Amino acid sequence: MKKMWLIGLNTFRESIRKKMLYIILIFALIVIGASKLFSFLTAEEELKMIKDVSFSAIEFFGALMAIFGSLYAISAEIERRTIYTLLTKPIRRSDFVLGKFFGVSMIVLVNFILMTVFFIGLLLFKKSPPDLQVFKTLLLIFFELILIGGITLALGTFTSDAFNIICSFFLYIVGHLTSYGKELVERTENIIVRGLTDMLYTLVPNYENFNIRDKIVVGLNVSWGYVGYTILYGILYVCIALYVALYFFEKREI
Amino acid sequence: MAIIETKDLTKHYRIGKKKTVIGLEKVNLSVNQGEIFGILGPNGSGKTTCLKLLLGILFPTSGQAYIMEKTPDDINMKQHVGFLPENPYYYDYLTGPELLQFYASLYSLDSQKAKSRIEQLLELVELQNAKRLHLRHYSKGMLERIGLAASLINDPEILIFDEPTTGLDPIGCRDTRNLLLKLKEQGKTILLSSHFLSEVERVCDRIAIFHRGYLLATGTLDGLNKQYQAQNLEDLFVKTICNFDNQVATMTGEGS
């Protein structure tokens, strides 16, 4: 456990020293820009837009951080051959993979906290303190980001960087569209199309489950039961992703 | 007593679906406690493959490898081993002391012990004046020296060095050679892979010559020189390699 933590910490330190968190500056510019852009609207409408843009930006930039952080977490160690000096130390391969996951999760968490603090600061500035529903939305976005990171890390144990990045973004997009796809396909009679969609719906995590911002922005409430169920759903998928990562990395020759 | 041993150790690399290339073929090697054992061979002869198999970075196609009678996946065994890879790369965003501290913590050294060990090693490899420098600003020779220090952080009983003098200037080479001899005096066992025949000739108790994945000869330098009627290590090296190539050519009809 300690060695896993040490590897995670080193991964996190690398991202800090390599200034990965600069991505937050882009987020800040977009959110500030949005608040200026919508200032002609009524105060209520402006607030809705700020929330909507901020939630989307936190999710998008968080997803970029999760995908690129996980993508390079293992492949960079192999490419620059630092992995030789790690795997010849008294650490298990599982410590390495799980340590990398924790490291990337820490990067995502810090990035997420900084963006959230900025967003909440903006809401307070607009004299609209965030309610519990805002925090529920943020909590689900965070678990979605952890899941995205876990999946990219798992893919990285058995695919090339190029394939991994295509797959990760494909899953990110498809994961947000599966519910719509299923609804559309339910109207079709074609068994093959239905079967394929069912398979895709089961295999690909449904990222849309984590998206409650459309409801929150218009003032609807989402229950804690739904939030809890979705978090469990995310944890289950993360466990599957990590199991896949461990399975392939244990067999991988370097 | 053999502290490092391989039994019919074989590694075949798969190229495509049908073709395989020999990385190592039925290698039986034994390194005794307290000796410096040199592995020699041209590029692609299987030297690094052999070291990687011993350390569990690669998995054998067949055969076994043991260090202190433990298999390469045994993490307790790795507690007693130090490894310096060829052309080592380290985390370039760290300073020398930070890198050594990171590795010390992976060996679970307590912080006081680690601190004094780091000071000691930085002095040994003459990097005490570069403590604040990030590794990305290190020269090739400095990287090699910090690598040496990193391989010694746990005060290992067994050292595995893959081309430790690559990139070093003549003075650096001499210092490394002296360090190897000093480590031997301390009772360490050293498995050394090298291209530099003169270096091997000066420090190794026994040697093994690899070529095309096969172990062609192993023994003391004097013994092998007598056996192959060679004048020196260079002569021995050339003779064993050429004999093997000629035999292969005869068998496959390449020479005709």
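How many residues does the contact take from chain B and from chain A? In this predicted model, in which local features need pLDDT of at least 70 and side-chain atom pairs count only at pLDDT 80 or more, totals for chains, interfaces and linings use all residues. Residues are numbered from 1 along each chain as its sequence is written, and chains are lettered from A in the order in which they are written. The contact takes 23 residues from chain B and 19 residues from chain A, two residues being in contact if their C-beta atoms, placed from the backbone, lie within 7 Å. By class, the side of chain B that touches chain A has 18 nonpolar, 4 polar and 1 charged residues (Ala, Val, Leu, Ile, Met, Phe, Trp, Tyr, Cys and Pro count as nonpolar, Asp, Glu, Lys and Arg as charged, and the others, Gly among them, as polar).

Within chain A, the loop between helix H1 (2-17) and H2 holds A:Met20, helices being DSSP runs (H or I) of at least four residues, numbered from the N terminus. A:Met20 is partly exposed, with 18 other C-beta atoms within 10 Å, where 20 or more would count as buried and 12 or fewer as exposed, with C-beta atoms placed from the backbone. Residues up to four places away in sequence not being counted, A:Met20 touches A:Ser15, A:Gly69 and A:Ile107. The C-alpha atoms of A:Met20 and A:Asn111 are separated by 9.2 Å, although these residues lie 91 residues apart along the chain.

Conventions: Helices (H or I, at least four residues) and strands (E, at least two) are DSSP runs, numbered from the N terminus.
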